[in-house]
Amino acid sequence: MRCDRSEGLPTFYFTLDVEPDYARTNRHALLDRLPELLSWLRGEAVPLTAFVVGRYFEEGRDAIDHLLDAGADVGVHGHWHRAADFGTMYSAHTEEIERGTAAFRRRVGRAPKGYRSPSGVISRDDLALLARLNYCYDASVFPVRRPGRYDFSRAPRAPFRWKDSQLLELPCGLLTRRLPAGMTFLNWVGAGWGGRLLARQVVAQRGHQIFDAHLHNLFHSSAALRELPLGLRGAYEAGRVFGGLKCLQALVAWMRKSGWRFGSLDALADELNRDAGAVPTAGWDEVIVRATARASA
Ligand SMILES: [Zn+2]
(Lines give C-alpha, C1' and ligand atoms only; values in the text may rest on other atoms or scores of the structure.)
Protein backbone atom coordinates (compact mmCIF):
# COMPACT_ATOMS: atom_id res chain seq x y z
CA MET A 1 0.00 0.00 0.00
CA ARG A 2 1.33 3.42 -0.93
CA CYS A 3 1.00 6.06 1.76
CA ASP A 4 0.27 9.09 -0.38
CA ARG A 5 1.14 12.14 1.68
CA SER A 6 0.32 14.37 -1.30
CA GLU A 7 -3.34 13.56 -0.77
CA GLY A 8 -2.95 14.45 2.89
CA LEU A 9 -4.26 11.11 4.05
CA PRO A 10 -2.60 10.02 7.29
CA THR A 11 -1.60 6.41 7.88
CA PHE A 12 -1.79 4.65 11.24
CA TYR A 13 0.76 1.93 11.95
CA PHE A 14 -0.30 -0.22 14.89
CA THR A 15 2.75 -1.80 16.55
CA LEU A 16 2.74 -4.17 19.52
CA ASP A 17 5.71 -4.92 21.76
CA VAL A 18 5.28 -8.55 22.83
CA GLU A 19 7.10 -8.89 26.15
CA PRO A 20 6.68 -9.90 29.81
CA ASP A 21 3.51 -8.59 31.48
CA TYR A 22 3.80 -4.88 32.34
CA ALA A 23 7.30 -4.93 30.79
CA ARG A 24 9.08 -5.78 34.03
CA THR A 25 7.50 -8.79 35.74
CA ASN A 26 8.46 -12.38 35.10
CA ARG A 27 4.86 -13.24 34.23
CA HIS A 28 3.48 -13.92 30.77
CA ALA A 29 -0.24 -14.55 31.34
CA LEU A 30 -1.30 -11.71 29.04
CA LEU A 31 0.11 -13.60 26.03
CA ASP A 32 -3.08 -15.68 26.27
CA ARG A 33 -5.06 -12.60 25.22
CA LEU A 34 -3.18 -12.20 21.94
CA PRO A 35 -5.65 -14.31 19.85
CA GLU A 36 -8.48 -12.00 20.95
CA LEU A 37 -6.55 -8.96 19.71
CA LEU A 38 -5.52 -10.69 16.46
CA SER A 39 -9.08 -11.72 15.76
CA TRP A 40 -10.33 -8.15 16.16
CA LEU A 41 -7.50 -6.70 14.02
CA ARG A 42 -8.23 -9.24 11.29
CA GLY A 43 -11.93 -8.28 11.28
CA GLU A 44 -10.99 -4.62 10.96
CA ALA A 45 -8.29 -5.26 8.31
CA VAL A 46 -5.80 -3.35 10.49
CA PRO A 47 -2.26 -4.70 9.86
CA LEU A 48 -0.11 -5.53 12.88
CA THR A 49 3.63 -5.04 13.32
CA ALA A 50 4.79 -7.01 16.38
CA PHE A 51 8.22 -6.72 18.01
CA VAL A 52 8.78 -9.86 20.08
CA VAL A 53 11.39 -10.48 22.78
CA GLY A 54 13.97 -13.04 21.65
CA ARG A 55 13.41 -15.35 24.60
CA TYR A 56 9.87 -16.09 23.36
CA PHE A 57 11.28 -17.49 20.10
CA GLU A 58 13.56 -19.76 22.16
CA GLU A 59 10.83 -20.80 24.57
CA GLY A 60 8.51 -21.95 21.78
CA ARG A 61 5.64 -19.74 22.92
CA ASP A 62 2.28 -20.21 21.15
CA ALA A 63 2.21 -16.44 20.65
CA ILE A 64 4.78 -16.79 17.85
CA ASP A 65 2.55 -19.23 15.93
CA HIS A 66 -0.46 -16.99 16.48
CA LEU A 67 1.39 -13.97 15.05
CA LEU A 68 2.83 -15.84 12.06
CA ASP A 69 -0.50 -17.53 11.28
CA ALA A 70 -2.21 -14.13 11.39
CA GLY A 71 0.27 -12.77 8.82
CA ALA A 72 1.61 -10.09 11.18
CA ASP A 73 4.95 -8.42 10.52
CA VAL A 74 7.20 -9.88 13.20
CA GLY A 75 10.43 -8.22 14.33
CA VAL A 76 12.77 -8.44 17.32
CA HIS A 77 12.39 -6.59 20.65
CA GLY A 78 15.71 -7.37 22.35
CA HIS A 79 16.14 -10.72 24.06
CA TRP A 80 15.56 -10.60 27.81
CA HIS A 81 13.82 -7.22 28.08
CA ARG A 82 15.13 -6.34 31.52
CA ALA A 83 13.47 -2.94 31.36
CA ALA A 84 14.50 -1.74 34.80
CA ASP A 85 18.20 -2.17 34.04
CA PHE A 86 18.65 -1.44 30.36
CA GLY A 87 21.21 1.38 30.46
CA THR A 88 21.10 4.51 28.34
CA MET A 89 21.44 5.70 24.75
CA TYR A 90 25.21 5.54 25.34
CA SER A 91 25.31 1.85 26.33
CA ALA A 92 25.90 -1.00 23.89
CA HIS A 93 23.26 -3.76 24.02
CA THR A 94 25.17 -6.27 21.91
CA GLU A 95 23.99 -9.46 23.57
CA GLU A 96 20.33 -8.37 23.58
CA ILE A 97 20.48 -7.71 19.84
CA GLU A 98 22.62 -10.66 18.76
CA ARG A 99 20.84 -13.23 20.88
CA GLY A 100 17.35 -11.94 20.02
CA THR A 101 18.22 -11.96 16.31
CA ALA A 102 19.65 -15.49 16.43
CA ALA A 103 16.55 -16.75 18.27
CA PHE A 104 14.30 -15.17 15.63
CA ARG A 105 16.30 -16.75 12.78
CA ARG A 106 16.17 -20.22 14.34
CA ARG A 107 12.44 -20.09 15.00
CA VAL A 108 11.16 -18.19 11.93
CA GLY A 109 13.73 -19.49 9.43
CA ARG A 110 14.66 -16.16 7.91
CA ALA A 111 16.33 -12.89 8.87
CA PRO A 112 14.19 -10.29 10.67
CA LYS A 113 13.52 -6.98 8.89
CA GLY A 114 12.72 -4.77 11.85
CA TYR A 115 14.04 -4.13 15.36
CA ARG A 116 12.71 -2.19 18.34
CA SER A 117 14.84 -1.82 21.42
CA PRO A 118 13.38 -2.44 24.90
CA SER A 119 12.29 0.89 26.45
CA GLY A 120 13.35 2.74 23.28
CA VAL A 121 16.95 2.75 24.52
CA ILE A 122 19.13 2.54 21.40
CA SER A 123 22.75 3.65 21.01
CA ARG A 124 25.11 4.43 18.14
CA ASP A 125 26.83 1.05 18.68
CA ASP A 126 23.45 -0.70 18.58
CA LEU A 127 22.52 0.95 15.28
CA ALA A 128 25.87 -0.04 13.73
CA LEU A 129 25.26 -3.62 14.85
CA LEU A 130 21.73 -3.64 13.37
CA ALA A 131 23.19 -2.44 10.06
CA ARG A 132 25.84 -5.20 10.17
CA LEU A 133 23.12 -7.76 10.82
CA ASN A 134 21.32 -6.50 7.69
CA TYR A 135 18.24 -5.18 9.40
CA CYS A 136 16.11 -3.16 7.03
CA TYR A 137 14.80 -0.78 9.69
CA ASP A 138 14.97 0.22 13.32
CA ALA A 139 11.85 1.48 15.12
CA SER A 140 13.41 2.28 18.50
CA VAL A 141 13.59 6.08 18.41
CA PHE A 142 10.92 7.88 20.41
CA PRO A 143 11.53 11.55 19.51
CA VAL A 144 11.16 12.79 23.08
CA ARG A 145 13.37 13.11 26.16
CA ARG A 146 13.29 10.43 28.81
CA PRO A 147 15.56 11.57 31.65
CA GLY A 148 18.27 9.09 32.56
CA ARG A 149 17.62 6.98 29.45
CA TYR A 150 17.70 9.00 26.22
CA ASP A 151 17.12 12.34 24.59
CA PHE A 152 15.89 11.99 21.02
CA SER A 153 13.84 15.16 21.23
CA ARG A 154 15.70 16.69 18.25
CA ALA A 155 15.62 13.56 16.11
CA PRO A 156 13.60 13.77 12.89
CA ARG A 157 9.96 12.95 13.46
CA ALA A 158 9.41 11.36 10.05
CA PRO A 159 11.21 8.27 8.67
CA PHE A 160 14.86 8.78 7.76
CA ARG A 161 17.95 6.77 6.90
CA TRP A 162 20.97 6.72 9.20
CA LYS A 163 23.89 8.40 7.45
CA ASP A 164 26.40 6.04 5.77
CA SER A 165 24.10 3.10 6.36
CA GLN A 166 21.28 1.25 4.64
CA LEU A 167 19.35 1.21 7.93
CA LEU A 168 16.06 3.11 7.97
CA GLU A 169 14.72 4.64 11.15
CA LEU A 170 10.94 4.61 11.54
CA PRO A 171 10.43 6.83 14.61
CA CYS A 172 7.48 6.36 16.90
CA GLY A 173 4.86 9.07 16.41
CA LEU A 174 3.81 11.60 18.99
CA LEU A 175 0.60 12.20 20.91
CA THR A 176 1.81 15.60 22.14
CA ARG A 177 5.19 17.28 21.69
CA ARG A 178 6.43 15.50 24.83
CA LEU A 179 4.44 12.25 24.85
CA PRO A 180 4.86 9.35 22.43
CA ALA A 181 1.95 8.00 20.39
CA GLY A 182 1.51 5.07 22.70
CA MET A 183 -1.39 3.16 24.18
CA THR A 184 -0.10 3.86 27.71
CA PHE A 185 -0.85 7.57 27.18
CA LEU A 186 -3.95 7.14 25.01
CA ASN A 187 -5.45 5.16 27.89
CA TRP A 188 -5.16 8.27 30.06
CA VAL A 189 -6.96 10.63 27.67
CA GLY A 190 -9.40 8.30 25.91
CA ALA A 191 -10.01 7.74 22.19
CA GLY A 192 -11.96 10.93 21.45
CA TRP A 193 -9.41 13.40 22.68
CA GLY A 194 -6.50 11.09 21.80
CA GLY A 195 -7.55 10.78 18.14
CA ARG A 196 -7.60 14.54 17.74
CA LEU A 197 -4.17 14.88 19.39
CA LEU A 198 -2.71 12.19 17.09
CA ALA A 199 -4.17 13.99 14.07
CA ARG A 200 -2.50 17.27 15.10
CA GLN A 201 0.97 15.69 15.11
CA VAL A 202 0.70 13.82 11.84
CA VAL A 203 1.68 16.60 9.41
CA ALA A 204 5.12 17.03 11.05
CA GLN A 205 5.50 13.24 10.73
CA ARG A 206 4.86 13.42 6.95
CA GLY A 207 1.57 11.61 7.22
CA HIS A 208 2.81 8.70 9.35
CA GLN A 209 1.53 7.92 12.81
CA ILE A 210 3.52 4.98 14.23
CA PHE A 211 1.74 3.90 17.39
CA ASP A 212 3.16 1.74 20.18
CA ALA A 213 1.11 -0.63 22.34
CA HIS A 214 1.54 -3.59 24.67
CA LEU A 215 -0.84 -6.34 25.72
CA HIS A 216 -0.86 -4.84 29.23
CA ASN A 217 -2.30 -1.60 27.79
CA LEU A 218 -5.22 -3.53 26.32
CA PHE A 219 -5.87 -6.26 28.91
CA HIS A 220 -5.49 -6.51 32.65
CA SER A 221 -3.72 -8.91 35.00
CA SER A 222 -4.19 -8.26 38.73
CA ALA A 223 -1.46 -10.72 39.73
CA ALA A 224 1.18 -9.07 37.52
CA LEU A 225 0.10 -5.54 38.40
CA ARG A 226 0.64 -6.26 42.10
CA GLU A 227 4.35 -6.85 41.40
CA LEU A 228 4.95 -3.32 40.10
CA PRO A 229 6.31 -0.39 42.11
CA LEU A 230 3.47 1.75 43.45
CA GLY A 231 3.92 4.66 41.00
CA LEU A 232 3.82 2.46 37.92
CA ARG A 233 0.92 0.50 39.30
CA GLY A 234 -1.00 3.74 39.80
CA ALA A 235 -0.24 4.86 36.23
CA TYR A 236 -1.65 1.62 34.80
CA GLU A 237 -4.66 1.67 37.14
CA ALA A 238 -5.43 5.25 36.02
CA GLY A 239 -5.30 4.09 32.40
CA ARG A 240 -8.00 1.51 33.04
CA VAL A 241 -10.67 4.22 33.51
CA PHE A 242 -10.84 5.23 29.81
CA GLY A 243 -8.46 2.68 28.35
CA GLY A 244 -7.99 -0.88 27.21
CA LEU A 245 -9.04 -2.69 24.05
CA LYS A 246 -12.33 -0.75 23.89
CA CYS A 247 -10.34 2.50 23.73
CA LEU A 248 -8.25 1.19 20.81
CA GLN A 249 -11.41 0.00 19.08
CA ALA A 250 -12.98 3.45 19.45
CA LEU A 251 -9.81 5.08 18.09
CA VAL A 252 -9.74 2.84 15.01
CA ALA A 253 -13.46 3.48 14.39
CA TRP A 254 -12.87 7.24 14.59
CA MET A 255 -9.84 7.04 12.27
CA ARG A 256 -11.74 5.02 9.69
CA LYS A 257 -14.53 7.59 9.71
CA SER A 258 -11.95 10.37 9.39
CA GLY A 259 -10.27 8.85 6.32
CA TRP A 260 -7.13 7.41 7.91
CA ARG A 261 -5.38 4.47 6.27
CA PHE A 262 -3.77 1.54 8.07
CA GLY A 263 -0.34 0.15 7.24
CA SER A 264 2.48 -2.07 8.48
CA LEU A 265 6.09 -1.11 9.10
CA ASP A 266 7.58 -3.83 6.87
CA ALA A 267 5.47 -2.46 4.00
CA LEU A 268 6.45 1.13 4.83
CA ALA A 269 10.15 0.18 4.81
CA ASP A 270 9.74 -1.54 1.41
CA GLU A 271 7.96 1.52 0.06
CA LEU A 272 10.68 3.88 1.32
CA ASN A 273 13.41 1.68 -0.17
CA ARG A 274 11.68 1.69 -3.56
CA ASP A 275 11.81 5.48 -3.57
CA ALA A 276 15.16 5.81 -1.80
CA GLY A 277 15.86 9.36 -3.01
CA ALA A 278 12.84 10.63 -1.12
CA VAL A 279 14.16 9.52 2.27
CA PRO A 280 16.24 12.14 4.14
CA THR A 281 19.38 11.05 5.98
CA ALA A 282 20.50 11.99 9.48
CA GLY A 283 23.68 11.20 11.40
CA TRP A 284 23.88 10.29 15.07
CA ASP A 285 26.06 13.32 15.81
CA GLU A 286 23.66 15.85 14.29
CA VAL A 287 20.71 14.34 16.10
CA ILE A 288 22.46 13.92 19.43
CA VAL A 289 24.81 16.92 19.58
CA ARG A 290 21.85 19.20 19.14
CA ALA A 291 19.90 17.29 21.74
CA THR A 292 22.81 17.41 24.19
CA ALA A 293 23.34 21.14 23.56
CA ARG A 294 19.70 21.73 24.31
CA ALA A 295 19.80 19.60 27.46
CA SER A 296 22.76 21.54 28.84
CA ALA A 297 21.41 24.96 27.77
ZN1 LIG B 1 9.24 -3.35 25.56
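**Helix packing and pockets**

Reply: Helix α1 (residues 34-44) and α11 pack with their axes 12 Å apart and at an angle of about 10 degrees. That makes α1 roughly parallel to α11, a label for angles under 35 degrees. This is a predicted model, in which local features need pLDDT of at least 70, side-chain atom pairs count only at pLDDT 80 or more, and totals for chains, interfaces and linings use all residues. Residues are numbered from 1 along each chain as its sequence is written, and side-chain values use heavy atoms, with hydrogens and water left out.

Me: How is a pair of packed helices described?

Reply: Two packed helices are described by the angle between their axes and the distance between the axes. The axes are lines fitted to C-alpha atoms over the stretch in contact, with angles from 0 to 180 degrees between N-to-C directions; helices are DSSP runs (H or I, at least four residues), as are strands (E, at least two), numbered from the N terminus.

Me: Which residues of α1 and α11 meet?

Reply: With contact taken as heavy atoms within 4.5 Å, Glu36, Leu37, Trp40 and Glu44 in α1 meet Leu245, Leu248, Gln249, Val252 and Arg256 in α11. These divide into five nonpolar, one polar and three charged residues, where Ala, Val, Leu, Ile, Met, Phe, Trp, Tyr, Cys and Pro count as nonpolar, Asp, Glu, Lys and Arg as charged, and the others, Gly among them, as polar.

Me: At what angle do α7 and α11 cross?

Reply: The axes of α7 (residues 191-201) and α11 (residues 245-257) cross at roughly 50 degrees and come within 9 Å. In α7, Ala191, Gly195, Arg196, Leu198 and Ala199 meet Cys247, Ala250, Leu251, Trp254 and Met255 of α11, a contact of eight nonpolar, one polar and one charged residues.

Me: How is a pocket defined, and what is the volume of the largest pocket?

Reply: On a 1 Å grid over the protein atoms alone, a pocket is an open set of points where a 1.4 Å probe fits, with protein on both sides within 12 Å along at least five of seven lines; lining residues have an atom within 4 Å of a point. The largest pocket has a volume of about 650 Å³, counted as the space filled by probe spheres set on the points, which are joined across faces, edges and corners. Of its 32 lining residues, Ser119, Arg146, Thr184, Phe185 and His214 are the closest to the centre, and α6 gives the largest share, four residues.

Notes
Parallel < 35°, antiparallel > 145°, perpendicular 65-115°, else oblique.
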